[in-house]
Amino acid sequence: MLPNEKIDQRPLLINAEPDNASAEFYRQQVAIHGSPLLIFNAQVLRNQFKALQSALPEVDLYYAVKAHPDPEIIHVIDQLGGGFDIASAGEMNLLLAHKISGRRTIHTHPIKKDQEIRDALRFGATTFVVDNLHELKKLVPYRSRVGVLLRVSFRSAAAMVDLSKKFGCAPEEVEQLVKDADDLGIHIKGLSFHVGSQCTDASKHVEAIEKCHQLMQEINATANKPLSILDIGGGFPADYELQGIDINAFCAPIRAALAQLPQDWHLIAEPGRYLIAPAVTSVTTVAGKSKRNGYHWYYLDDGIYGSYSGQLFDHAIYPLEVFRDGEHYPSIIAGPTCDSIDVVAENISMPELEIGDLLIGHQMGAYTAATKTRFNSIPDAKLIVIND
Ligand SMILES: Cc1ncc(COP(=O)(O)O)c(C=O)c1O
């Protein structure tokens, strides 16, 4: 593969002082647990959860398990008293293993097999999301036991991952679907949306809240059973640029939009990325190096098929950190598999590394290990917990 001519300009932290405490900490962890690692800092997750809770005080938070379904992470959310957004039987089983009640979950996958609905009901989940008539019909046999949210699509070019491309009905379809549900004897309790993941523009949340407010009021003007739940989804951004996102300031317009809603409406959100991204750090080791076509190549023991899979599936670019100084060279950081796409950073300007050096990836909690593969039968990074 020829290197990309575009320069990789992600944040690169260089901390080469000999007594650097964080370098020492990572070396110690590798000496104890081996490499590669994912270090989950439970205190960071607690801080993120509390920060989002205080930025959106009227909103109940349901952690989107898909972002990082590790049992240790579920345990911390459980301790914090958070809810869980699940989208599959596998995610439900993870919670079952923790003896977490289905009552604390919402099932947000708009498309479900009948078996999935029955399993989720047996688990105790009662809130389900749909976005079309076929899915509404699937709920008819269980209508006395379910509360349904109708997912509305709001396309968002501002988001890194536009989740309204695949799911959600158009706002103009909402009224008819509520009527259809009524005819089927199903109670639509409210609306939900997702403005797209890593949505750095809070006005997208505001527009969606305002539109849902209008739709719900119009429907409630004539409905027998009013809509009274609004689920504002996820999308709250992680700090991949290391700019210091102030979540309270980011949420100020969202808070203002929510303050316009009737006070007795129940508000919920399904954050994943914002909560867990900064709480997990990747530690990899340079297993080999070479010089090819004028580039310094470094081969790590973790890569695109492992913890860095989010660079492919999620389009995230993670800030890196090295503990060497000196002249910078055009460099390529590759993963351990035999595949050419297994490249973490192409054409990045950095000091020369040596075999055995550590390379740190920051903000690596969301959609990273969640999408890893076992290609080449290379073992996963081991997740360890600190500050539990
Ligand atoms: C239905 C649903 N809810 C919540 C989330 C979590 O979103 P985020 O990680 O952007 O907060 C996702 C992400 O894919 C999703 O699909």
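**Entry 1: ground rules.** I am working with a predicted model, where local features need pLDDT of at least 70, side-chain atom pairs count only at pLDDT 80 or more, and totals for chains, interfaces and linings use all residues. Residues are numbered from 1 along each chain as its sequence is written, and side-chain values use heavy atoms, with hydrogens and water left out.

**Entry 2: overall.** I looked up the element count and found eleven helices and 19 strands. These are DSSP runs numbered from the N terminus: H or I of at least four residues for helices, E of at least two for strands. The C-alpha atoms fill a box of roughly 70 × 40 × 40 Å along the principal axes. I then checked the radius of gyration, taken over C-alpha atoms; the globule rule is 2.2 Å times the number of residues to the power 0.38. For 388 residues a compact globule would have a value near 21 Å, and the chain's 23 Å agrees.

**Entry 3: strand β13.** Which strands does β13 pair with? I count a pair if DSSP finds at least two bridges between the strands. β13 (residues 280-292) runs antiparallel to β2 (residues 37-41), joined by four bridges. In that pairing I39 sits opposite T281. Four bridges also link β13 to β18 (residues 358-361), again antiparallel. There, T285 has L358 as its bridge partner. With β14 (residues 295-300), β13 makes six antiparallel bridges. S290 faces W297 of β14. The two strands form a hairpin with two residues between them, and N293 in the turn has a positive phi of about 50 degrees.

**Entry 4: helix α2 on α3.** Next I took the helix packing. Axes are lines fitted to C-alpha atoms, for helices over the stretch in contact, and angles run from 0 to 180 degrees between N-to-C directions. α2 and α3 (residues 71-80) pack at about 45 degrees with axes 10 Å apart. That makes α2 oblique to α3; under 35 degrees counts as roughly parallel, over 145 as roughly antiparallel, 65 to 115 as roughly perpendicular and the rest as oblique. The contact (heavy atoms within 4.5 Å) includes L45 and F49 of α2 and I73 and V76 of α3. By class, it has seven nonpolar, one polar and two charged residues. Ala, Val, Leu, Ile, Met, Phe, Trp, Tyr, Cys and Pro count as nonpolar, Asp, Glu, Lys and Arg as charged, and the others, Gly among them, as polar.

**Entry 5: helix α9.** I asked what packs on α9 (residues 247-259) and began with α2 (residues 42-55). Their axes come within 9 Å and cross at roughly 35 degrees. A51, L52, S54 and A55 of α2 meet I247, N248, C251 and R255 of α9. The residues divide into five nonpolar, two polar and one charged. I then turned to α8 (residues 203-220), which packs on α9 at about 10 degrees with axes 8 Å apart. The two are therefore roughly parallel. H205, V206 and I209 of α8 touch P253, I254, A257 and L258 of α9.

**Entry 6: backbone exceptions.** Most residues other than glycine have a negative phi, and most peptide bonds are trans. I found a cis bond between S35 and P36, with omega about 5 degrees. P36 is in the loop between α1 (21-33) and β2. N347 is not a glycine, yet has a positive phi of about 55 degrees. It lies in strand β17 (residues 343-351).
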